[in-house]
Each structure stands twice: as C-alpha cells, then as structure tokens.
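This report looks at side-chain contacts in one protein chain. It covers charges over rings, salt bridges and aromatic pairs.

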Amino acid sequence: MHKQATHPSEVQDILDAALNGVLPSEEQALRLANFADTKALADVAQELRDRGFHNVVTYSRKVFIPLTHLCRDVCHYCTFAQVPRKLKAPYMTIEEVLETARHGQRMGCKEALFTLGEKPELRYKAAREALAEMGYASTTEYLMAAAEAVFKETGLLPHLNPGNLSPQELAELRAVSPSMGIMLESASERLCEKGMPHYGSPDKVPAVRLETLSNAGIAKVPFTTGILIGIGETRLERIESLLAIRAIHQQHGHIQEIIVQNFRAKAETKMVNAPEPDLNELLWTIAVARILFGADMSIQAPPNLSPGVLPQIVHAGINDWGGVSPVTPDFVNPEAPWPHLEDLRRETAAAGKYLTERLTVYPAYAQDPQQWVHEDLHERVLEMIDAEGFPRTHDWCPGDDQIAPPADVLTAIMDAPKQVSAEVQEILTKAEAQEELTEAEVVRLFQARGDDFTAVTQAADRLRRRVNGDTVSFVVNRNINYTNICYFKCQFCAFSKGKLAENLRGRPYDLSDDEIARRTTEAWERGATEVCMQGGIHPEYTGDTYVNILRTVKQAVPKMHIHAFSPLEVWQGAATLDMELVPYLQMLKEAGLGTLPGTAAEILDDEVRAIICPDKINTGQWLEVMEAAHSVGFNTTATIMYGHVEKPYHWARHLLRVLNLQKRTGGFTEFVPLPFVHMEAPMYLKGKARKGPTFREAILMHSVARLVFHGHIDNIQTSWVKMGHEGVKGCLNAGCNDLGGTLMNESISRAAGTLHGQETSSEEMRRIIRTLNRNPRQRSTVYGSVSEERERAGINAEELTEIINTPAKKYERKRPSASLVKNDLIEAVQLSR
C-alpha cells in the first residue's frame with residue numbers, strides 16, 4: 001500500500017478540484033489509495049458522471065463471436081482459453097461466424113464482438129495447420145477476413161479484441177472495424193511473477209499491453225481498455241494502472257471507455273478458490289476511475305458480473321453497461337448470464353437513469369468519422385447514427401410512408417414523467433417564464449431522453465395550449481415551383497436540374513407565364529388563398545424575372561396572396577439588377593409580393609453551410625435579407641432543415657439566431673422545422689450524410705422551438721409532407737399548432753424521395769385535427785381568417801388537372817459562370833484550412 005498517510009482534508013481538496021473540472025495529478029491520485037470512504041468518492045463520481053452523460057446509461061446490443069479459444073497465454077483465472085484436444089476445431093469457420101452474426105442481426109444487434117485467444121499459432125501446431133489450410137498466415141489475418149465478411153454480409157459493426165497488435169496490424173484491422181480493445185487488466189509487473197496470475201503469459205506484460213494502447217492511439221482507433229480487480233493487486237496498483245491508461249489517452253485522445261471488471265472465481269482454474277472482490281471494492285474502484293478521468297470518459301462495469309446490485313454500481317459513477325447480447329452467452333464469463341434487456345432497463349431506471357443503446361464506436365468518435373473511422377466504414381456508420389452519434393433504434397425516417405412512427409416515442413410524449421433531471425427542469429422553468437436560454441441550455445433540451453424527453457415535449461405542449469388553445473390551423477394553398485434549373489450545388493437538393501446541378505435526373509423545365517397563370521387560376525377555383533412560389537436559381541433569371549412572375553399571378557387572380565421567394569432568390573435578384581436589398585424588396589412588394597418563405601435557411605451556421613451549400617448565401621446574408629424584408633413591412637416565416645451532417649449545437653445556434661432577429665423586428669409569423677429527406681439527396685447517395693433525423697429528434701425540434709420562441713414566435717408548424725399524417729399528430733401533441741398548407745403540387749420533397757403525396761385536402765386536414773380532439777381552423781397566410789366562400793370552395797374542390805412542366809428552352813448563357821451570383825463562403829473556408 002501507499003506509505004504516505006492521507007489527511008481527509010487533502011482528499012477533500014482533490015475532490016473539490018475534480019468537481020471544478022481539474023483532474024487529480026498523479027501524486028494526488030495515488031493519495032486516494034488510502035482513502036476508504038467509498039460513499040464520499042461515489043458522491044463526487046456520480047455528479048461528474050451526470051455532467052458528462054446526464055440521465056443516460058448506455059449499452060451495446062451485440063453478438064459474441066469467439067473466433068478461437070486457443071491462446072498462447074495461461075492466465076490463472078481464465079476459462080476462455082482451451083487446449084486443442086478440448087475443441088471441435090481450432091477456429092470457427094467463416095460460415096459459422098456468419099451464421100452467428102446473422103442470428104444477431106435478426107435479433108437487432110449492431111455490434112459483432114470478436115473475442116479470441118492471443119496469437120495461438122505461436123504455441124500450437126494445430127493452430128498453424130488450421131490457418132495454413134484456410135490460406136492464412138496468422139490469426140490476425142484470419143480475423144480480418146472474418147470481420148470483413150461479417151461487415152459486408154450483415155452490416156454489423158465488428159469490435160475486435162485480438163490482444164496485442166503491431167502498428168501495421170492495427171492499420172489493417174481498422175479498415176474492417178470501427179473500434180477495438182485490449183484489457184490492460186493491470187500495470188503491475190508484480191502480477192507477472194511466479195505464483196501470480198499472469199505468470200507464464202508473455203502478452204500480459206504491462207509494457208507490451210501499454211505499447212498496444214499507444215499504437216492504437218497513433219493509428220486513430222477508438223479503443224476500449226480497462227482493469228481487472230481482485231486478482232491480487234492493491235488499490236495503489238489499480239490507481240497506477242488507471243494513470244498509465246490516462247497518460248496514453250491524454251496523448252492520443254482515443255480511449256473511448258474504461259472497463260472496471262471484477263474477478264469471478266471459476267472452476268477448473270488455478271484461482272478457483274481465490275476470494276472475489278466484494279461490492280465495496282468494486283464501487284470504490286469505479287468511483288476512483290471516474291474521478292481520475294473526469295466527466296467525459298465512459299466508465300463501464302459488466303452487469304452480468306454483479307447481479308442484484310446494479311443501482312449501486314450506477315451510483316458509483318458508471319455510464320455504460322458494455323455489450324449485452326440477446327443471442328450469445330458471455331464466453332469469457334460463461335457462469336454469468338447476461339441480464340434480460342428489460343430487467344437491465346428496469347434496474348437502470350431504479351437508479352434514476354434511462355437505458356439507451358450505443359454503437360461499438362462511441363458517440364463522440366462516430367460523430368467525427370473523418371478522424372476516427374476508416375473511410376470504408378464511413379457510409380455505414382453515418383447511416384446508423386443520430387445527431388449525437390447514438391444508434392438509430394427505429395426504421396422511421398422522414399418521407400417514408402411505409403414505416404409508422406415508433407410507438408414508444410409516441411407513448412413517451414403522453415406519459416407522466418417520473419424522474420426528470422434537475423438541470424432539465426430548471427431550463428424548462430426558464431423557458432416557460434420567457435427567460436432567454438443559452439446555447440448550452442438549448443443543446444441540453446435537444447439531448448433529452450427518457451423522462452427528460454417526456455418533460456420537454458409536455459412543457460412545450462403546455463405553452464402551445466396557453467398561446468394557441470386547442471385550435472390547429474392550416475392554409476389552403478398551391479405550390480408553384482417555376483423552374484427546376486439551378487446553378488447552385490446544394491448537396492441536399494434532389495430537385496434542381498441543369499448543366500451545373502449536382503444531378504441530372506428528370507427533365508429540366510421552366511414554366512411559361514401561361515402555365516403559371518393556369519395553375520394560379522385552378523388553385524383559386526379549388527379554394528386556395530395563397531400560392532407559394534419558389535424554384536431553382538436559373539442562370540438566366542434576373543430580378544426582373546421574379547417581378548414578372550408576380551405580375552403574372554396578379555393578372556390571373558388579383559386576390560391571390562403570393563408567398564414567394566426565399567432570401568436566396570431575393571439576394572440573387574437584387575444582385576443581378578445591381579440594387580440594394582431594401583429597394584428591390586419594395587419593387588417586389590409593388591409587384592404584388594405578400595410574404596416571404598423562410599427557406600434557404602437550412603442550418604444557420606457557416607460551419608455546416610460550408611459542407612452542404614458552400615456557394616449559397618451565408619448565415620449573415622440570410623439574416624440580412626430577412627431583416628430588410630421585415631423593415632419593408634413583409635412578414636416572413638423561418639425554417640430549419642436538419643438531420644444530415646450537423647450536430648445539436650448547430651440547431652441551438654440556428655434557433656437563437658432566429659430568435660435574436662425576431663426580437664429586433666417581430667417579422668416572423670411561424671417557425672417550420674423541415675426534416676432532411678435523404679433518399680435521393682446527393683450527399684446521402686455519396687455516403688456523406690445521415691438519413692434524416694430520428695423521430696425522437698424530429699419531435700424534439702418542434703418542442704424545443706416552442707420553448708425557445710415562447711413569447712416571440714407564436715406559431716410552430718409541422719410538415720405533413722416530411723413527417724407524414726401520423727407523424728404530425730405526434731408533433732401536435734408536443735408543441736405544434738399549425739399544419740401548414742394543403743400544397744396541391746408539392747414537388748421539392750417528392751424529388752428528394754418523400755412518399756407522403758403532393759396534396760392533403762382541407763377535408764383531410766380537418767379529419768387529422770379532429771382525431772386529436774382539436775379544433776381545425778382554415779387560416780390566411782398571415783394567420784387571419786378566411787371567408788366562408790373560400791372554405792366551401794376548398795371543401796368542394798375538384799380533382800387537380802395534370803400539370804404541364806414547360807420544357808426548358810436551350811439557351812446560350814449570356815453571363816459566364818464566373819459572373820453568376822454566388823457566395824464566397826467556399827473559398828473562405830478553403831483558405832482557413
């Protein structure tokens with residue numbers, strides 16, 4: 001044991017510093033070895049854990065693949081390693097591996113955990129012969145082939161535990177596995193001496209294992225490691241082991257979790273009669289590990305090794321249970337069956353936490369694939385995660401009408417929350433009192449899961465009732481997208497066509513004045529009070545083009561309200577006429593423009609825009625157009641297009657930027673979340689984007705918007721085109737009060753792949769609203785009333801006439817590409833790199 005006595009006041013100083021975000025120095029950490037007050041340590045540990053992981057405890061849904069039980073080491077506590085005569089075959093065949101993996105896939109597993117003995121070919125002739133017969137030179141080479149087969153055949157993400165690896169082996173395996181691991185177990189060389197558990201096991205020499213940890217950091221491999229307690233080490237040696245891991249992590253940043261595993265005595269081992277560590281030893285070690293690594297490191301304890309005491313383990317500071325398999329046993333600890341997932345969920349809840357899945361590669365690393373994941377795995381990882389890097393646990397995605405919204409999320413919206421985090425409750429209280437939230441507080445709301453999620457959605461719905469009552473509004477309108485030719489290269493857009501567009505699917509068109517007038521007249525006859533007009537940015541369009549479109553509509557139907565032209569069209573139109581924004585907006589107003597849609601906002605953060613729309617107007621320009629429009633007397637909407645490459649802090653920045661402008665101008669009538677529809681989007685097809693938000697995230701976007709904008713923007717709209725008819729019901733129970741427009745001809749989202757149709761009639765709108773016991777109200781664009789005549793016309797509307805998209809004429813570009821109005825964000829971003 002550590003010889004130096006430790007005064008309680010010294011430890012308290014260490015713990016206070018830890019709570020202030022200061023990790024203990026090595027000297028301070030070693031002093032904790034003599035501090036026996038486990039509760040005091042655990043109190044600090046759980047507070048640190050809550051700062052980093054809130055109310056969430058994670059697990060990975062895995063299938064266990066024991067590729068070989070042969071091992072050249074002879075650890076005295078291990079029953080996994082066997083000699084050749086006790087095995088049916090030295091290695092699982094590839095087909096056996098795949099059969100196990102497929103079973104796991106059917107059971108919803110996302111991780112294939114490969115566990116195997118260490119370099120058995122260096123000890124056993126049977127291993128060498130088996131490898132040679134299969135055509136492999138080493139176990140590591142065969143492991144790579146097996147992992148690659150599993151990934152390609154099933155899409156499961158392999159996690160590899162092959163033991164010590166060279167830099168070359170790590171680099172090769174990284175191509176088939178987004179994460180790997182090796183248990184340090186102990187940095188004590190004493191445990192390798194004769195009579196100790198690692199004697200005769202060359203791969204358990206601490207320096208060798210620490211070298212592998214370091215090599216993994218150099219190779220940029222998200223890595224799992226940890227310590228095994230109760231095998232003869234002292235508390236001081238445990239701390240020394242943790243410090244050795246910490247030093248390597250501080251150098252490379254690649255350790256994604258620390259496992260604290262308690263020794264279990266097993267029959268037919270040399271340590272069958274060795275005492276197992278008691279619960280206090282486990283809790284003490286978990287708490288010390290948390291304090292040494294701080295709030296952000298994942299600390300794990302296997303749940304099957306400590307049945308009946310899981311809430312106490314949570315209270316000691318863990319945030320993860322590790323891999324739990326609904327398919328295969330724990331081959332390393334076969335005497336300890338996995339807990340049933342419902343039991344694990346219940347015991348986690350008993351500790352006041354919410355159990356949720358993670359991938360084998362932890363969220364922070366999954367969110368940064370460019371640095372941490374091999375390029376061959378990028379597409380699959382992005383397809384599997386949400387905005388925080390957690391796995392998508394449901395198949396729902398925006399625009400897909402074949403998959404219903406997940407029932408558990410819909411239920412959670414309506415449930416009574418039992419254990420709401422104090423931090424979340426404080427933020428909700430601020431929002432309901434119309435106090436402005438900070439970026440960090442908005443991000444925290446977007447991170448809400450479990451009872452925190454329920455509390456957020458219900459707080460938003462209380463505000464909806466307070467502001468809007470039980471009325472749900474909608475507008476009868478028609479979308480007229482006047483051209484799909486566009487010279488911008490937005491990576492999310494599947495609508496635009498043309499020589500400079502990202503894709504050339506479909507026929508390019510440019511509507512004639514006659515067709516615009518015909519659609520406007522038909523819309524009026526079918527009860528519309530609004531035409532919503534947007535389109536691609538045609539290379540030959542100028543500011544006069546938009547004026548002509550407005551006059552065409554007004555000549556056809558003078559009473560039709562025109563809701564048209566995003567800030568991008570306004571910016572481009574003004575620039576082509578060499579006009580300032582305000583005079584050009586006044587020109588549009590005189591020509592008949594009524595209001596402006598707040599599209600082209602996407603994500604109002606140039607960090608994201610540099611990826612998804614670098615040549616488009618930037619954040620400041622979008623806000624400048626909107627402020628100018630409000631100054632001229634226009635009302636506008638505001639939107640967000642989310643669920644692709646951005647993160648929750650980008651959402652928070654977007655909302656707060658809209659809020660700050662609204663406080664100055666008061667010009668926004670509504671906020672419209674537009675979930676990314678991925679199916680035909682170029683950046684998704686290139687493997688560079690997520691597949692839209694999860695349903696939970698989509699609900700939260702609407703709820704958090706209600707909370708952030710309370711007292712400033714009264715109307716939160718949900719898009720039936722993207723959310724679907726059942727999806728919008730969830731939003732209407734979580735803070736929304738508006739269903740937007742009937743649309744008649746929705747084409748932009750349908751081009752991206754949505755299957756929810758091009759029109760929802762006024763009768764269908766009313767039906768949806770009444771199923772929620774709400775009161776439908778047909779409104780005008782600016783939320784005024786409409787006449788009974790307009791309502792009757794909408795109810796009695798005839799079928800739409802088939803539209804005619806006027807084929808685009810061939811043209812000789814009058815302006816060279818270099819003179820087209822674009823933003824310089826892409827050049828600025830490139831220069832800053």
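Which lysine lies over the face of phenylalanine 634? Lysine 589 does, at 5.5 Å from the ring centre. The model is a predicted one. The charged end of lysine 220 sits over the ring of tryptophan 372, 4.9 Å from its centre.

**Salt bridges**

The whole structure holds 57 salt bridges.

| Aspartate 50 | Lysine 353 | 2.6 Å |

Take the salt bridge of aspartate 50 and lysine 353. Aspartate 50 belongs to helix 3 (residues 38-53), while lysine 353 is in the loop between helix 12 (341-350) and strand 9 (354-358), so the bridge ties together parts that are 303 residues apart in sequence. Aspartate 50 has a relative accessible area of 28% and is partly exposed. Lysine 353 has 12%, so it counts as buried, the limit being under 20%.

Glutamate 118 counts as buried, at 5% relative accessibility. Arginine 209 is buried too, also at 5%.

Arginine 346 is exposed, at 53% relative accessibility. Aspartate 343 is partly exposed, at 31%.

Some salt bridges share partners. Such bridges join Asp461, Arg464, Arg465, Asp470 and Arg774 into one network.

**Around glutamate 432**

Glutamate 432 is part of helix 17 (residues 422-432). Its side chain makes a polar contact of 2.9 Å with that of arginine 462. What else does glutamate 432 touch, not counting residues up to four places away in sequence? Besides Arg462, the contacts are Ala459, Leu463, Arg466 and His710.

**Aromatic pairs**

An aromatic pair is described by the distance of the ring centres and the angle of the planes. The model has 13 aromatic pairs. Why is the pair of tyrosine 541 and tyrosine 546 edge-to-face? The planes of the two rings stand at 80 degrees, and over 60 counts as edge-to-face, so the pair falls in that class. The ring centres are 5.9 Å apart. Both tyrosine 541 and tyrosine 546 are buried. Tyr541 and Tyr546 also belong to one aromatic cluster with Tyr482 and Phe565.

Phenylalanine 671 and phenylalanine 709 make a tilted pair. Their centres lie 5.0 Å apart, with 55 degrees between the planes. The partners come from distant parts of the chain, 38 residues apart. Phenylalanine 671 is in strand 16 (residues 668-675), and phenylalanine 709 is in helix 28 (residues 695-709). Both phenylalanine 671 and phenylalanine 709 are buried.

Conventions: Residues are numbered from 1 along each chain as its sequence is written. This is a predicted model: local features need pLDDT of at least 70, side-chain atom pairs count only at pLDDT 80 or more; totals for chains, interfaces and linings use all residues. Side-chain values use heavy atoms; hydrogens and water are left out. Rings of Phe, Tyr and Trp (its six-membered ring) pair if their centres lie within 6.5 Å; planes under 30 degrees apart count as stacked, over 60 as edge-to-face and the rest as tilted. Buried means under 20% relative accessible area, exposed over 50%, partly exposed in between (1.4 Å probe, protein chains only). Helices (H or I, at least four residues) and strands (E, at least two) are DSSP runs, numbered from the N terminus. A charge sits over a ring if NZ of Lys or CZ of Arg is within 6 Å of the ring centre and within 35 degrees of the ring normal. A polar contact is a pair of N or O atoms within 3.5 Å; within protein, one must be able to donate a hydrogen and the other to accept it, and residues adjacent in sequence count only if both atoms are side-chain atoms. Contact means heavy atoms within 4.5 Å. A salt bridge is a side-chain nitrogen of Lys or Arg within 4 Å of a carboxyl oxygen of Asp or Glu.
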